[in-house]
Amino acid sequence: MSSNYDIEEKIKKIVASRLKDKEKIEGLDYDTPLLSLGIDSILALSILVEIEDEFNVEINDGDLNMDRIKNISNFSDLVRSYN
Amino acid sequence: MIWPIDEITNIAVKSAHNNKPYGIAVIDIDYMIRFCRAFTNEELNMIKENFLCFFKEMFPNNSKIWQSSGDEFLILIPKIAKADAFQLTDRIRRVFKRNKFAVNTDRAFKNITFSFSAGVAAYPQDGDNVEEIIRRATIALFLSKAFRRNRVYPAPDEGQQGVDRILAMPDGKIHVLAGKYGEIGDFSVPIKCQEARFWEPQAIDIDEEGNLYILDQNNHTVLKYNGENVYRVAGDGYYGYTGDGGDAALARLNKPTGLAISKRRLYITDTGNDAVRVVELDSGIIKTIAGTGETGYSGDGAAGYLATLNKPGGAAVDLDGNLYINDIANNVIRRVDKKGIITTYAGSGEYGFKDECRAIDASFAEIYGICTDKTNSNLYIADYFNHCIRVVDYNTGIVARVAGTGECGYKGDGEDPLKACLNRPVAVTSDIHGNLFIAESGNHCIRMIAAATGKIYTLVGDGVYGIGESEEVSKFRLANPNGLAVDNSFHLYILDGANNRICMMDYSQIIAFGKVL
């Protein structure tokens, strides 16, 4: 498993790759609410699947709710909990 | 074909211009029929619309999507290689199974999730025309459904003819009796056998007079072939759970998957209703013999119609009139005796392989077809993921393996069946001479344990799926065979599942010469 910083950075890169607006990419931070970036639930789930592939984990569906994937920090915590 | 081939071809031809690859995914929403019972038609349409919107959002913008009248989707993805099309579809599956498609209904269970199974094929690897590529994607879809659904399968590469097989009847002939790959039909009126078209048939059996019965799952019916016409004997063609006490042909079933006939009684495992129905063939009256319509595992020791089952599948009846039901999701075999009392006959419910013990203590890895032999001595069990055939001796109640080492494969022809490898056996039947026939969905073949030699051989198929057209058994291919029946004149009927058809072969020469080969 990567270090804490690596996890956040990798997830940030994945999220950024899904954004089209340059301004939003530049303003992206670990605690930026994904909803404010125009990321809807389907896109959030797509990002989740990409993150699963990146870190080779499979998040249980029971662990999923929007509160746990509302920003990059949450996503990172979720991935770490599978370490 | 349920898809508009000309329209798809037009788009595919453009995509294939300059030899650019393209992929086709055929997607089937898993267990949609169960959801049909939970929602109104209006809600279902909304959910299906949500599926469509989802696929539009997830597949690349240049993809083209077709939706069947039911719950199937065909997606053409231009400029994509097969491996990428597979990976993309599988990723989409993982998103799909977590998304909430019923959230805009006003239901307490609106947060339920759905899953899908899919098959993926591509140009040019899988063929040079759209029809062939769709065919191979559809076969792959069947494979993904055979492996418990919620998965994506790439169309398998065309392999070489099975080198390890030994044909029991190398110069034998096989005929397509009814059905055709890619065409579905209904049976609102009796229809000539050659013109009959099925919709995912799941089981066949033969009555004492030699009439063939066909369980046509997606038409929610049981059909009878009387040597001339095919017509409904149970189920009116629509899903539901109605009609007990009345004419079976007007009753409603829900995705039935198994049947057994004995002494003018037709037993139907009404899988979607978690019940077993019985039709008195003389009167045509249907009733429920086991199951309440609720899902569960209860009621042993009392009347069958008070018990609960969980997805009953295969069925068999012994010569004494006791009914055996493969209670799939409970991973056990239940028995309803002549008095109508239900008990658990085999299986502890645990998933695994425990053998050579009392049947009730044994474990299985998904049971599919079951049959009783003609001497009334044994119950044979197709143990799907243990890749073997098990038998319960009626006298001792002990379970044992009769074919298959447990290792998945295709070998051992000409040898002791206990040393042979099978691949996902799904149906088993026997004839009056004690020959045992096995349909292997993974090997796309029918094997035979010849009573005369005690050895296992291949009757038809070679480990590679296909749509056999020649009458030569040696060249004929099947796709996911999933049902078997024999009559007393040595005709073997084969349900060629993924090809939506029934084939028949005369194996009397094996009997006449008293040996195979």
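Two strands count as paired if DSSP finds at least two bridges between them, and helices (H or I, at least four residues) and strands (E, at least two) are DSSP runs numbered from the N terminus. This is a predicted model, in which local features need pLDDT of at least 70, side-chain atom pairs count only at pLDDT 80 or more, and totals for chains, interfaces and linings use all residues. Residues are numbered from 1 along each chain as its sequence is written, chains are lettered from A and ligands numbered from 1 in the order in which they are written, and side-chain values use heavy atoms, without hydrogens and water.

**View 1. An open, mixed sheet in chain B.** Let's start with its five strands, which follow the order S2-S3-S1-S4-S5. Strands S2 (64–67) and S5 (152–154) of chain B each have a single partner strand, so one side of each is left without a neighbour in the sheet. From one strand to the next, the twist averages 15 degrees.

**View 2. S2(B) meets S3(B).** These antiparallel strands are joined by four bridges, with S3 spanning residues 72–78. Look for B:Gln67, whose bridge partner in S3(B) is B:Phe73.

**View 3. Helix H4 (residues 82–96) of chain B on the sheet.** H4(B) touches S1 (22–29), S3, S4 (116–123) and S5 of chain B (contact means heavy atoms within 4.5 Å). Its direction makes about 165 degrees with that of S4(B) (axes are lines fitted to C-alpha atoms, for helices over the stretch in contact, and angles run from 0 to 180 degrees between N-to-C directions).

**View 4. B:Glu43 in helix H3 (residues 41–58) of chain B.** This residue is buried, with a relative accessible area of 14% (buried means under 20%, with a 1.4 Å probe and protein chains only). Beyond its neighbours within four places in sequence, B:Glu43 contacts B:Thr105, B:Asp106 and B:Arg107.

How values were computed: Buried < 20%, exposed > 50% of the residue type's maximum accessible area, 1.4 Å probe, protein only.
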